Amino acid sequence: MNKIHSTAIISKSAIIGENVSIGAFSIVHDDVIIGNNSVIESYCELGVKNKFCSDRPLTIGNQSHIRSHSVFYSDSVFGDGLITGHRVTVREKTNAGLGFQLGTLGDVQGHCDIGDFVKCHSNVHIGNKSKIGNYVWIFPYVVLTNDPHPPSEVLLGCEISDFAVIATMSVILPGVKVASDTLIGAGSIVGKNVEAGWVVAGNPAKPICEIIKIKLKDGTGRNAYPWRSHFHRGYPLETVEKWLLEFDI
Amino acid sequence: MNKIHSTAIISKSAIIGENVSIGAFSIVHDDVIIGNNSVIESYCELGVKNKFCSDRPLTIGNQSHIRSHSVFYSDSVFGDGLITGHRVTVREKTNAGLGFQLGTLGDVQGHCDIGDFVKCHSNVHIGNKSKIGNYVWIFPYVVLTNDPHPPSEVLLGCEISDFAVIATMSVILPGVKVASDTLIGAGSIVGKNVEAGWVVAGNPAKPICEIIKIKLKDGTGRNAYPWRSHFHRGYPLETVEKWLLEFDI
Amino acid sequence: MNKIHSTAIISKSAIIGENVSIGAFSIVHDDVIIGNNSVIESYCELGVKNKFCSDRPLTIGNQSHIRSHSVFYSDSVFGDGLITGHRVTVREKTNAGLGFQLGTLGDVQGHCDIGDFVKCHSNVHIGNKSKIGNYVWIFPYVVLTNDPHPPSEVLLGCEISDFAVIATMSVILPGVKVASDTLIGAGSIVGKNVEAGWVVAGNPAKPICEIIKIKLKDGTGRNAYPWRSHFHRGYPLETVEKWLLEFDI
């Protein structure tokens with residue numbers, strides 16, 4: 001049984017799943033597909049079209065939750081369990097896997113490929129043509145860029161691999177590849193590729209140490225990275241079990 | 001006499017003071033208390049609940065002004081004279097004193113303690129569990145963080161003491177204590193505690209000089225800090241009189 | 001023939017041009033002039049007044065497009081071809097020329113002078129009293145400041161000259177003058193004037209090289225700067241022809 005607020009404006013061609021709630025003053029355009037058990041809060045606009053959109057609809061997976069004042073363009077696909085903060089903007093031609101989280105004020109510029117269980121905190125800016133793997137963490141005020149000498153017609157999207165962590169207020173410069181199991185320290189300006197298993201930091205960012213050198217500040221003396229050795233909240237049970245085996249816990 | 005716009009959606013259990021104005025398309029949920037003489041502009045949603053909220057209502061003090069497109073969760077208390085810019089987000093379990101100002105796009109993550117007359121300019125991000133004293137200034141694109149090795153379950157909120165000033169685009173790293181009468185220069189990444197009366201700057205931030213070394217660029221040759229020796233706009237008369245006595249003006 | 005959505009709230013004193021579209025739940029106050037062939041998307045509020053506004057209306061030029069959730073105050077004038085992203089805020093007493101672009105989450109604090117064809121990407125903060133020339137580019141999370149020793153009553157706006165490019169996450173400190181044909185590298189904290197034809201970068205920003213030393217990464221070996229030698233998308237034909245002559249192309 002759906003709960004569509006009486007002030008919401010829903011296109012008759014939109015395809016709304018079962019047990020979906022849509023808040024006051026929200027707008028759902030044509031060519032929008034919303035999965036079962038999803039919540040769309042108030043003042044959201046879904047399925048905005050521009051000249052770059054193909055006929056492909058906006059698809060929102062099951063068990064999703066889009067918080068208020070958010071805008072999603074058409075021609076993008078999100079797997080089950082999409083969770084957003086308030087006022088996110090997601091442009092066209094972006095594909096994200098399962099469990100994508102995009103915090104308040106997040107801005108995904110479109111034409112991006114995003115894997116499973118990527119978590120972006122508040123106010124993250126993902127530039128056009130970014131490629132992001134699985135289980136990546138991106139913290140507030142991080143910017144993924146794409147133009148090596150702006151303004152130009154050359155767009156080199158960033159590539160961020162599995163389990164990478166990008167801390168607050170960092171910039172990944174155009175075309176930079178951040179390998180798996182890496183940590184970008186807060187306030188880093190990253191102009192060179194980052195090798196797997198390394199921490200970089202600074203402006204310009206330089207290698208600091210291997211990630212296994214960082215210990216958890218919880219009194220246990222355990223390694224803080226790879227973070228999947230100790231941080232499991234919000235991931236599927238079968239994934240966590242794999243991680244526990246990997247680290248022999 | 002209240003002025004509630006006809007398109008606003010107001011819960012019958014909300015407690016609205018006298019002479020309150022609520023703009024078009026705004027939503028006020030249950031368990032919201034709005035003080036007298038307050039203005040809630042358009043497209044605001046007050047009293048949003050999530051699983052972290054207790055039964056405590058959202059309380060907004062008298063003479064408050066919340067600008068358009070803002071979102072406040074339940075279970076937080078704001079003293080009189082709360083002023084916000086547009087599109088602020090304030091999560092649950094935050095307490096702020098008198099005269100809290102939070103500029104456009106401000107994002108307070110919840111579980112914060114904020115003193116009296118704290119002024120945050122646009123686009124400030126206050127992480128979970130931050131503690132902020134009285135008369136603190138925080139400028140645009142500042143982030144107060146809390147996780148020493150993200151992602152983890154260890155949360156170390158920052159502590160910012162009275163009269164501290166954090167300039168634009170600075171990051172206060174987890175657990176850092178910024179003492180009273182301090183200035184954090186623009187673009188600082190602050191990983192170590194800041195001593196009272198000092199200026200720090202840089203990435204990573206280092207001590208630069210004592211704040212009394214900085215002179216006002218107004219031709220008078222007076223000290224720029226402590227700023228309360230010369231800047232009084234917007235503070236209560238009795239506070240300003242105390243400051244004048246302190247500096248023997 | 002105008003298309004005003006039935007839920008929009010339009011003042012009878014607003015002056016709306018021909019062929020204007022206004023989206024759902026938008027509000028247009030008194031003293032607003034909207035040019036012909038313009039689009040105002042949903043949830044926008046135009047003509048907000050505060051105590052700083054004179055009687056001058058908000059004027060939006062022809063062929064403008066203001067995206068959803070945006071807020072414009074009264075007492076500002078924008079030339080033809082204004083284009084905004086979502087959720088921009090533009091305060092009072094700002095004048096911008098032709099073709100001003102202000103990306104999603106842009107925040108113009110008011111009392112600014114902005115020339116022709118200035119393009120701001122997402123999440124740019126233009127402080128009070130900034131002066132920006134023509135053909136300037138400003139990229140995400142850039143802040144133009146104005147208070148040399150915050151908080152104070154001394155406001156020194158920045159001055160950015162024609163064809164300057166300010167890359168992501170840079171701060172221009174109060175009163176700094178950025179000359180023509182300059183590039184501010186990503187993550188720069190710029191405290192000194194920048195000479196014409198130079199690249200600066202770093203925290204604090206230092207001169208790196210002349211801009212003519214940077215080559216395009218498109219395999220042609222051409223100079224990347226001045227960018228008008230190769231980047232012409234979106235500019236008027238007669239302007240581009242002048243640029244082609246200037247560079248003898």
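How many helices and strands does chain A have? Chain A has one helix and 31 strands. Before going further: this is a predicted model, and every number I give is computed from it.

Let me start with chain A as a whole. The C-alpha trace of chain A spans about 55 × 45 × 25 Å along its principal axes. As for burial, 60% of the 249 residues of chain A count as buried. On contact order, take the contacts in chain A between residues at least 6 apart in sequence: 22% of these join residues at least 24 apart.

Next, the domains. Chain A is divided into domain 1, residues 3-212, and domain 2, residues 215-249. Between domain 1 and domain 2 of chain A, the contact takes eight residues from domain 1 and six residues from domain 2. The side of domain 1 of chain A that touches domain 2 of chain A has seven nonpolar residues, one charged residue and no polar ones. The C-alpha centres of the two domains of chain A lie 25 Å apart.

Now the helix. Is helix H1 of chain A, residues 237-246, largely in the open or largely buried? Of its ten residues, the number buried is one, so H1 of chain A lies largely in the open. After H1(A) comes Asp248(A), with a positive phi near 55°. In chain C, helix H1 again covers residues 237-246, and there the number buried is zero out of ten, so this helix also lies largely in the open. H1(C) is followed by Asp248(C), whose phi is positive, near 55°.

In chain B, nine strands form an open sheet with parallel pairing, in the order S3-S6-S9-S12-S15-S18-S21-S24-S27. Which strands are at the edges? They are strand S3 (15-16) and strand S27 (177-178) of chain B, and each of them pairs on one side only. Inside that order, strand S15 (residues 95-96) of chain B runs parallel to strand S18 (residues 113-114) of chain B, and two bridges join them. Within this pair, Asn95(B) stands opposite Asp113(B) in S18(B).

There is other pairing in chain B to look at. Strand S5 (residues 27-28) and strand S8 (residues 45-48) of chain B run parallel and are joined by two bridges. Ile27(B) stands opposite Glu45(B) in S8(B). S8(B) also pairs with strand S11 (residues 71-73) of chain B, in the parallel sense and over three bridges. In that pairing, Val48(B) stands opposite Tyr73(B) in S11(B). As a general point, side chains in a regular strand alternate between the two faces of the sheet.

One residue deserves a slide of its own. Where is Tyr43(B) placed? Tyr43(B) is in the loop between strand S7 (39-40) and S8 of chain B. Why does Tyr43(B) count as buried? It has 29 other C-beta atoms within 10 Å, and the cut-off for buried is 20 or more. Tyr43(B) and Ser68(B) are 25 residues apart along the chain, yet their C-alpha atoms are separated by 5.6 Å.

Between chains B and C, the contact takes 31 residues from chain B and 26 residues from chain C. On the chain B side, the residues divide into 17 nonpolar, eleven polar and three charged. For chains C and A, the contact takes 31 residues from chain C and 26 residues from chain A. By class, the chain C side has 17 nonpolar, eleven polar and three charged residues.

Finally, symmetry. In general, two copies of a chain are related by a rotation about an axis and a shift along it. What rotation superposes chain B on chain C? It is 120°, with 0.0 Å of shift along the axis and an RMSD of 0.0 Å. That is the relation of a three-fold axis. Chain C is superposed on chain A by a rotation of 120° with 0.0 Å of shift along its axis, at RMSD 0.0 Å.

Methods. Residues numbered from 1 in each chain as written. Chains lettered and ligands numbered in written order. Predicted model: local features only at pLDDT ≥ 70, side-chain atom pairs only at ≥ 80, totals over all residues. Contact = placed C-beta atoms within 7 Å. Nonpolar A, V, L, I, M, F, W, Y, C, P; charged D, E, K, R; others polar. Least-squares fit on C-alpha atoms with pLDDT ≥ 70 in both. Buried ≥ 20, exposed ≤ 12 C-beta atoms within 10 Å, placed from the backbone. Helix = DSSP H or I, 4+ residues; strand = E, 2+ residues; numbered from the N terminus. Domains from an automatic or database assignment. Pairing = 2+ DSSP bridges.
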